[in-house]
Structures are given as structure tokens and as C-alpha cells.
Amino acid sequence: MQWLLLKAFLLIMLPVVTAQTIDPDALDGKIYMKFRDDITFNIPSKRDKVSYQHIDALKPLFAKYGVTRISKPFYTAQDSKLQKTLAIEFSNYGKVSELIRELEMSPAVEYAEKAPIFKLHHTPNDPAYSTAGNRWHLDKINASTAWDITKGSANVIVAVVDNAIWTGHPDLAGKVVAKI
């Protein structure tokens with residue numbers, strides 16, 4: 001019986017133990033930093049993984065903060081500024097602010113910041129019209145992302161430059177003002 005109670009307690013507490021501990025809006029143990037645009041360097045990397053032994057200017061910080069991995073989160077991007085942005089993972093979570101401060105003191109670093117946790121804010125209640133087989137158009141315009149930014153307004157006028165709309169759709173009922 002005691003074993004069963006202990007097991008139940010551990011299952012209930014697991015989400016609390018694994019929750020973010022430093023900042024509820026940022027990932028524990030991960031930051032982003034960007035080298036200044038005028039800094040030129042050649043950091044060996046394989047796809048997104050960076051060989052941090054070659055970043056001499058920042059080597060002293062790696063041991064101090066328990067850096068475990070450095071990667072290029074935008075390694076496929078063509079933009080040179082994005083190529084100078086690194087994701088740094090470290091084990092000394094409690095010193096995230098100190099790590100950011102020390103990185104920003106380096107003349108080679110433009111900025112360093114906590115890695116945000118992206119949270120879903122809104123999911124539209126429109127299952128009949130946004131099912132997997134009937135949502136190619138929503139995926140094409142990244143509607144899911146837009147719904148997290150704004151839910152829209154009845155005061156917004158939208159012009160449809162297509163040759164067909166479904167005027168019987170519940171979202172459009174009574175809102176189509178002109179047919180040309």
C-alpha cells in the first residue's frame with residue numbers, strides 16, 4: 001500500500017519537478033547570442049552543431065557555466081546575420097543572467113537573450129472547416145500562426161481576389177457585401 005502511495009505521489013509530482021525553474025517564459029539552460037555583424041569568423045560546424053572549441057574569445061565562459069552544446073539554429077538560412085546567431089545550452093541554469101551579462105560584455109557579441117518558450121494562445125473552434133484534408137489553404141497562409149497573433153475583428157473588411165468563395169460558410173454569412 002505504501003509503495004502504491006509513493007508511486008502515485010511521484011506521478012503527480014513529476015510535472016512539477018520537470019517544470020521550468022528559472023523563468024516560466026524561457027527555456028532553462030538555453031540562450032541565444034549573436035555575434036556583431038562586423039565580426040568575421042569561421043566556426044567549424046556540421047549542419048547545426050558547432051565545434052565550440054574553436055571560439056577562443058568565449059572559451060572561459062564554457063566551463064564556468066557548464067556549456068553542453070552550441071548550435072546554429074538557422075544553419076539553413078542564407079542571411080549572414082542569422083548565420084552569426086548561436087543557441088547555447090548549459091547546465092548551470094541558475095546563472096543564466098550572469099552568462100548573458102558576461103556574453104554581452106564581449107566586444108564580439110551584439111546581444112544575448114533567454115530562449116523563449118513559444119506557447120499556443122488560441123486554437124479556433126472550427127473543426128468542420130479546418131480538418132486535415134480540408135485545410136491546405138490555411139496551411140498555405142500559415143493561419144495557425146496568425147490565430148496566435150490576433151483573432152480578427154468583424155470591423156475588418158477583406159477583399160477576396162479569387163474567382164470563387166463559399167458564401168454559405170458560417171463565417172461569411174451576412175458578411176459578403178458585393179459580388180462583382
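A cavity here is a set of points on a 1 Å grid over the protein atoms alone, where a 1.4 Å probe fits but cannot get out.

The model is predicted: local features need pLDDT of at least 70, side-chain atom pairs count only at pLDDT 80 or more, and totals for chains, interfaces and linings use all residues. Residues are numbered from 1 along each chain as its sequence is written, and side-chain values use heavy atoms, without hydrogens or water.

Next I listed the lining (residues with an atom within 4 Å of a point). I found I22, D23, A26, L27, D28, G29, K30, Y93, V96 and K114 there. Strand 1 (residues 26-35) gives the largest share, five residues. Strands are DSSP runs of E, at least two residues; helices are runs of H or I, at least four.

I then turned to strand 1 itself.

Which strands pair with strand 1? Strand 6 does, antiparallel, over six bridges. Strand 5 also runs antiparallel to strand 1, joined by five bridges. Pairing needs at least two DSSP bridges. I noted F35 opposite V109 in strand 6, and K30 opposite E89 in strand 5.

Note on methods
1 Å grid on protein atoms, 1.4 Å probe; cavity = no way out; pocket = protein on both sides within 12 Å on 5 of 7 lines; lining within 4 Å.
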